[in-house]
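Colleague: I would like to learn how to read a few features of a model. Please show me the structure, and then take the features one at a time.

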Amino acid sequence: MGLRRALLALAVTLGTALLVALGAGPASAHAYLASSNPADGASLAAAPRTIELRFTEHVVLASTEIVVTEPDGHRVAPTAMTLVESDEDQEAPATVVATIPALGVGAYHVSWRTLSSDDLHESAGIFAFGVQSEVQAAGPSETNPDLFELVGRWAVLAGIGAGLGAVVVGRLLRRVPEATSGMPRAWLRRQAFRLLVVGATAALAVALVDLVRFGGGALTPGYVLRWGLREVALLGAALALRPARPAPGRVSRDLAATTALVGAGLLTVSIGHFGVRGGPTWVVTSTAHLVAALLWAGSVAALALLGVRPARLGLSRSDVRAVLRGFRTPATVSVVVVAVTGVYLASDVVVSVDAVLLTTYGRVLLAKVALAGLVGLVALATTRALHPRGLQDGRVRRRLIAAEALGLLVVAALGGLLATGQPAVSPRLVSAQAPSVIDDRPVADLQQTVALRPNRPGASVALIDVLDTRRPSPGPVTGVSLTVRGGSSGGVEARPAAAEAPVTATAVTPSRWSAALELPAGGPVDVDVVVHRRGLDDVRSTVHWVVGPSSSDPAPVVSRAPVSGLLASASAALAVAAVFGAAWLLWRRRRRPAPAPSRTRAVAEHGAARPAASAAGPAASAGPGSTDAAQDETGAVAPRSAASR
């Protein structure tokens with residue numbers, strides 16, 4: 001099959017991958033625990049017969065384990081487990097319901113482990129509850145990344161970055177003569193080809209290990225399709241970058257390689273986590289962030305290699321300087337895209353300041369941002385050193401470029417660690433609303449007051465005051481019943497819990513009623529109140545109530561206020577600033593007058609400086625892209641030429 005047909009098949013394959021990825025519903029790929037019933041730290045009046053674990057996405061029931069540890073250390077296994085509220089095709093949130101034997105009074109710990117069907121990532125955690133006793137909450141659970149998967153993912157990212165770097169730097173090498181640039185371009189393509197093959201092989205090894213560990217039943221069709229398409233994209237990019245003499249009339253190898261590499265980045269994002277909201281916007285933004293970051297890192301690494309061994313590749317210092325100067329525009333665009341998309345993506349993977357400070361994911365994210373900022377400062381120093389008025393010598397520049405390349409490699413490694421980790425969106429790390437205190441309102445012809453005490457997960461008492469506003473009363477109140485619906489999932493969209501039976505209240509006074517309730521995890525719930533009256537229709541109302549945190553929850557370290565909206569607004573502001581900055585630079589460049597020919601160039605036009613230009617060596621013949629470099633090298637002959645005049 002010819003190259004044209006191969007590239008056409010690759011384009012169709014990547015187009016299919018794009019439709020599959022963008023058509024997927026919201027997912028989070030890392031099935032972390034959104035909430036549980038009983039809630040962590042809850043104190044119950046009676047022992048539960050079932051335990052509900054509400055996960056953020058579809059899980060493999062066969063790979064799910066739940067163990068209840070009694071106060072004496074005895075371990076109790078569920079008698080049955082079912083999976084409800086989940087759609088495997090759309091990766092919808094899932095609820096695992098485990099039926100457990102009868103429990104006595106005391107404190108219990110529940111340990112769980114499950115497997116996400118979207119990317120075969122394991123999640124595990126523990127929570128605690130008490131039966132007629134207080135218990136300390138276990139706190140948010142966070143699963144450590146799999147080291148083998150981390151290495152495989154980093155190999156894939158390194159291959160994509162090397163491919164993008166080879167394409168970008170190969171285009172920049174056109175600033176030097178074809179006879180000089182041919183060798184380094186072929187050498188960079190050869191290195192990228194090797195790394196892409198290594199990345200594809202590493203991805204295959206990870207898939208085979210997952211198959212052995214979890215069995216074929218855990219491999220969903222969506223996961224297999226995305227993984228297979230990524231393998232095709234990686235190998236297609238390697239084929240397009242393989243050093244070869246391009247045939248006339250064929251599709252550009254650079255375009256084919258870029259298409260395949262972007263497709264591989266898209267599929268890598270689809271195999272990783274999509275955040276809480278998910279959807280096409282998240283996928284496109286994540287892909288842009290990943291591709292821009294890898295383009296920056298891969299290009300800087302390629303430039304560093306050219307700077308280390310220019311003589312072996314047939315390049316002079318002036319050639320390398322010209323290529324480095326040409327990289328200013330791609331680097332600036334990459335940094336701006338990484339910054340804007342990074343802030344937006346952070347709005348969906350961290351829910352509060354405490355989530356950043358108290359979780360491994362948040363700390364790694366902080367380290368990545370800090371290191372990327374330092375690399376940006378090094379890049380600015382490199383740009384300043386490459387200015388015609390720069391005073392640093394070539395050795396200093398090479399050190400700066402090497403430091404930038406090394407820093408970006410570490411940033412890419414931290415990015416791979418984040419992709420295999422659990423986002424910092426645990427509902428225990430955010431307090432979106434203040435706990436409710438009292439609800440007082442008119443309902444029909446009644447004045448109704450509702451209060452829940454002590455208003456924390458577990459056993460609570462509801463106090464309902466019902467006063468008739470009409471005199472004489474058309475019918476006395478004969479009874480009150482309540483139903484608690486829903487539960488909190490913190491930064492995750494709240495989902496209704498299993499149907500709860502109404503609780504009948506007991507009369508304390510003719511106008512006050514009391515009922516014992518079991519409240520779920522802290523957060524918003526709906527309390528349905530039904531007032532029964534003799535000879536009249538029931539009066540129904542719904543009270544929107546916010547349950548406070550467990551008494552055993554630790555106090556906030558800094559703040560648990562949600563930051564998603566603030567980060568999303570900041571990303572929009574950065575995007576607007578970037579657009580206006582780019583427009584201003586273009587306007588300034590168009591209004592800038594054409595530079596007057598230098599004295600050296602004027603002398604050269606009259607033929608007086610030709611011997612000096614030939615003596616300057618390769619710098620004077622480095623091509624149109626290296627005019628500034630040639631001027632730097634030949635500037636010293638200007639006084640001599642003027643004297644000869």
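Modeller: A salt bridge is a side-chain nitrogen of Lys or Arg within 4 Å of a carboxyl oxygen of Asp or Glu. This is a predicted model, so local features need pLDDT of at least 70, side-chain atom pairs count only at pLDDT 80 or more, and totals for chains, interfaces and linings use all residues. Residues are numbered from 1 along each chain as its sequence is written, and side-chain values use heavy atoms, with hydrogens and water left out.

Colleague: Where do D445 and R470 lie?

Modeller: D445 lies in the loop between strand 10 (439-443) and strand 11 (446-453). R470 lies in the loop between strand 12 (458-468) and strand 13 (477-485). The pair therefore ties together parts that are 25 residues apart in sequence. Helices (H or I, at least four residues) and strands (E, at least two) are DSSP runs, numbered from the N terminus.

Colleague: Is D445 buried or exposed?

Modeller: Buried means under 20% relative accessible area, exposed over 50%, and partly exposed in between (1.4 Å probe, protein chains only). D445 counts as buried because its relative accessibility is 15%. R470 is partly exposed, at 40%.

Colleague: How many salt bridges does the structure hold?

Modeller: Side chains of opposite charge can pair when their charged atoms come close. The structure holds 13 salt bridges. In one of them, the side chains of R171 and D254 meet at 3.8 Å, N to O. That pair links distant parts of the chain: R171 is in helix 2 (residues 147-172) and D254 in helix 5 (residues 253-271), 83 residues apart. R171 is partly exposed, at 43% relative accessibility. D254 is buried, at 11%.

Colleague: At what N to O distance do R189 and D254 meet?

Modeller: The side chains of R189 and D254 meet in a salt bridge at 2.1 Å, N to O. R189 sits in helix 3 (residues 178-214), 65 residues from D254 in helix 5. Both R189 and D254 are buried.

Colleague: Now a sheet. In what order do the four strands of the open sheet run?

Modeller: Strands of a sheet pair through backbone hydrogen bonds, either parallel or antiparallel. Here four strands form an open sheet in the order 1-3-7-6, with antiparallel pairing. Strand 1 (33-37) and strand 6 (80-84) stand at the edges. Each has a single partner strand, so one side of each is left without a neighbour in the sheet. Two strands pair if DSSP finds at least two bridges between them. Strand 1 and strand 3 (residues 50-55) pair over four bridges. N37 stands opposite E52 in strand 3.

Colleague: What does the side chain of S286 reach?

Modeller: The side chain of S286 reaches the backbone oxygen of W282 at 2.8 Å. S286 has its place in helix 6 (residues 279-308). At 8% relative accessibility, S286 is buried.

Colleague: Last, the surface. Which residues form the nonpolar patch?

Modeller: Patches are made of residues with over 30% relative accessible area and no salt bridge; like charges are joined within 9 Å, nonpolar side chains (Val, Leu, Ile, Met, Phe, Trp, Tyr) within 5 Å. V353, L357, L358, L366, V557 and V558 form the nonpolar patch, with about 470 Å² of accessible area together. Accessible areas come from the Shrake-Rupley method with a 1.4 Å probe; for residues, only the protein chains shown count as cover. Helix 9 (residues 353-358) gives the largest share, three residues. V558 lies in the loop between strand 18 (536-547) and helix 12 (564-591). V558 counts as exposed, at 53% relative accessibility.

Key. A polar contact is a pair of N or O atoms within 3.5 Å; within protein, one must be able to donate a hydrogen and the other to accept it, and residues adjacent in sequence count only if both atoms are side-chain atoms.
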